[in-house]
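Thanks for coming. I will go through a few local features of one model, starting with backbone geometry.

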Amino acid sequence: MSRNFLLKIVVAAGFFLATCAAHADVLKIVVDDTIQPIVAERVDRALGEAKHIHADALLIEISTPGGLMTSMEEIIHKILDAPVPVIIYVTPSGNGASSAGFFILESADVAAMAPGTNTGAAHPVRGDGVAMDPVMKEKLENYAASLMRSYVGKRGRNVEVAESAVRYSKSFTADEALAQHLVDYIAKDDADLFRQLEGKTITRFDGSKVILHLVGKPIHVYETTVREQVLSFLINPNLMVLLFPLAMLALWAEFNHPGAVVPGVVGFIALLLALYVLNLVPYRGIALVMMLTAFILFALEAKFQAHGAIATGGIALLLLGMLLLVDGPIPEMRVKIWTAIAVAIPFGLITVFLMNLALRARRNKVVTGEQGLIGEVGVVVSALTPAGKVLLRGALWNAVSAFNLDVGQQVVVRRIENLLLHVEPVSQAVTLSPAGS
């Protein structure tokens, strides 16, 4: 009886697993951003999820101008070692997968493009776009070409043409890429691509064979996490560069007005976010030094009133620091000059103005609180012999004087102790002022 029961459980479990395998899904992610650590993390998570749900394939829809070589290599290694077949599809029409995107496209088990898309232009460049010296250029070019050769041939694609995109920055339309065996299919949408792949046998990078049956399978979009969405937003250099001036200005406001709290909290958060995001992209430390020096120059301008000379230098340093901060390999990963100008000049002028106000306030006599009463003139309303009362600013104060003073006499406040005014007659103060000066 027990054996029959166990047998039924085994058969039911086997049937359930077979049913799940027969109805496995296709997992899809959309990469429409520059290639950077957040995208690499997203691809890695998607591959893990595809393995977890036993997906028939992972579909990566890509549209990118390129990005960081380190993140690109990380993605390629993950795809080559993927637990499920990886289909990379360049879409929508009018977009492309250039530079690092071309390397990633060629690493796929199945490479496809939508009509009207393009790919290629994969020559490595310096982060700031400046021409490299011949030796470094040759080394980087040879490395990138060898990386391309290491997997393109094994994928059954045209190694020579693929390498030309690296060495000579050649670009290809979808039709050209298909004709020269850089991609496997041109498809107008996902359904069209799956129809063309139906029943086809593909060879994985490890040599194993897989027959694809994707028509009619549900496609599940692997959504980005909140963390990835926030970091993808902040990693934009033109947004990230705003965090440093905001942090410096807010922290200065907190130091200038201790206990204000809000500026300190805002500045601290902005600074931590800026430093965290900065570690996700290539950056120049000297650029941070330049931006900090600019802030010091703004403070010196406010202190010494150099008629704008020091402030101009600070604005120039801030502008250069912003432009050099992010060492991105493509224009989309660098700070635009108009962004830097739009931030540096107003920030410099506002900072100098606020610092001027703060310094002037510190130099001026205190006119509020107890300290604001020092030097004020009042009238005796209760004879000081030596203690009595004085009318000052419409209020009665307890007062004491070294002189006996009658009602109606004018007195000047010299100091305050525990709300007790120490006064002396105005005539005495006038007489003593030359000697005390």
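I call a residue buried under 20% relative accessible area, exposed over 50%, and partly exposed in between, with a 1.4 Å probe and protein chains only as cover. This is a predicted model, so local features need pLDDT of at least 70 and side-chain atom pairs pLDDT 80 or more, while totals for chains, interfaces and linings use all residues. Residues are numbered from 1 along each chain as its sequence is written, and side-chain values use heavy atoms, without hydrogens or water.

Most residues other than glycine have a negative phi, and most peptide bonds are trans. Ser99 has a positive phi of about 55°. Ser99 sits in the loop between β4 and α4 (100-106); helices (H or I, at least four residues) and strands (E, at least two) are DSSP runs, numbered from the N terminus. Is Ser99 buried or exposed? Ser99 is buried, because its relative accessible area is 15%.

His54 also has a positive phi, near 60°. His54 is in the loop between α2 (37-52) and β2 (57-62), and counts as exposed because its relative accessibility is 60%.

Next, the cis peptide bonds. One joins Thr91 and Pro92, with omega about 0°; Pro92 is in the loop between β3 (86-90) and β4 (96-98). Another joins Thr385 and Pro386, again with omega about 0°.

Last, Arg157, in the loop between α5 (134-152) and α6 (159-167). Arg157 is buried because its relative accessible area is 5%. Its side chain reaches the backbone oxygen of Glu106 at 2.7 Å.

Methods: A polar contact is a pair of N or O atoms within 3.5 Å; within protein, one must be able to donate a hydrogen and the other to accept it, and residues adjacent in sequence count only if both atoms are side-chain atoms.
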